[in-house]
Amino acid sequence: MAGLATKVHTHIPLRGASAPVSTVQYGSITLALGDPSETATITSVDTTRSVVMMLGVRTNSANLSRQAYVTLTNATTVTATAVNPDVSVTIVAHFVVIEFNGVTALQSGTVTIANAAAGGTAAITSVTVAKSVLVDRGYTAMPGAPSPTDYLEGLGITNATTVTATRTGTTGEFIKAFT
């Protein structure tokens, strides 16, 4: 089943050659009834200086493990992924793609927090922490978490080569996406 993408704004250029942002595109992707992933087509961006950010998720389930994260797959495609799809749950992932001017490097990845753990880390290529920005791309989780605290997470650059995700609970596996 094809994902449904609805663009709210497309390609908003900001004035001036020195503007920090080149373009902004908003959209949403529907993962219907058990779809593990779907895509949306956007106007072409330069992936070496663009990021996708999760703006929020709407679902027909009260189960907090029914979530998704987004990835800028290529210059014209955003993918929403649900690691724990359910045949009775529809997820709508809302996102924004921002194309920057003057970006020197981008890195993306995920942090997995194992069942019974309160945190996890991911290795990144060395950065200058004071000149780096961490962008939230959403999360997804495995079933079994009895409390919302199992999903309340922090995400940060711990040092020049490490991104860390944390939560207050320890039940269920949890995956946090970042750029």
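Two strands pair if DSSP finds at least two bridges between them. I kept that rule at hand while going through this predicted model.

**Entry 1: overall make-up**

I counted the secondary structure. The protein has 12 strands and 0 helices. Read along the sequence, the pattern is β-β-β-β-β-β-β-β-β-β-β-β. I then looked up burial. Of the 179 residues in the protein, 41% are buried. I also checked contacts between residues at least 6 apart in sequence, and 72% of these join residues at least 24 apart.

I looked at β2, residues 37–41. Which of its side chains are buried? Glu-38 and Ala-40 are, and they point to one face.

Next I looked up the pairing. β2 and β5 run antiparallel and are joined by 5 bridges. I picked out Thr-39, whose bridge partner in β5 is Thr-79.

**Entry 2: the cores**

I went on to the nonpolar cores. The largest has 18 residues. Ile-42, Val-52, Val-70, Val-78, Phe-95 and Val-97 are those with the most contacts inside this core. Which strands each supply at least two residues of this core? They are β1 (21–31), β3 (50–59), β4 (69–74), β5 (77–81) and β6 (91–100). β6 gives the largest share, 4 residues. I also noted a second, separate core of 7 residues. Ala-122, Ile-124, Val-163 and Phe-178 are among them.

**Entry 3: Ala-116**

I checked backbone angles. Ala-116 is not a glycine, yet its phi is positive, about 75°. Most residues other than glycine have a negative phi. Where is Ala-116 found? It is in the loop between β7 (109–113) and β8 (119–123). Is Ala-116 buried or exposed? Its relative accessibility is 62%, and exposed means over 50%, so Ala-116 counts as exposed.

**Entry 4: the largest pocket**

Last, I searched for open space. Rolling a probe the size of a water molecule over the atoms shows where empty space is left. The largest pocket holds about 570 Å³ of space. How many residues line the largest pocket? There are 23. Ala-105, Leu-106, Lys-131, Ser-132 and Val-133 lie nearest the centre of this pocket. I sorted the lining by class and got 14 nonpolar, 8 polar and 1 charged residues.

Conventions:
Residues are numbered from 1 along each chain as its sequence is written. This is a predicted model: local features need pLDDT of at least 70, side-chain atom pairs count only at pLDDT 80 or more; totals for chains, interfaces and linings use all residues. Side-chain values use heavy atoms; hydrogens and water are left out. A nonpolar core is a set of buried Ala, Val, Leu, Ile, Met, Phe, Trp, Tyr and Cys residues joined through side-chain atoms within 4.5 Å. Buried means under 20% relative accessible area, exposed over 50%, partly exposed in between (1.4 Å probe, protein chains only). On a 1 Å grid over the protein atoms alone, a cavity is a set of points where a 1.4 Å probe fits but cannot get out, and a pocket is an open set with protein on both sides within 12 Å along at least five of seven lines; lining residues have an atom within 4 Å of a point. Grid points are joined across faces, edges and corners, and a volume is the space filled by probe spheres set on the points. Ala, Val, Leu, Ile, Met, Phe, Trp, Tyr, Cys and Pro count as nonpolar, Asp, Glu, Lys and Arg as charged, and the others, Gly among them, as polar. Contact means heavy atoms within 4.5 Å.
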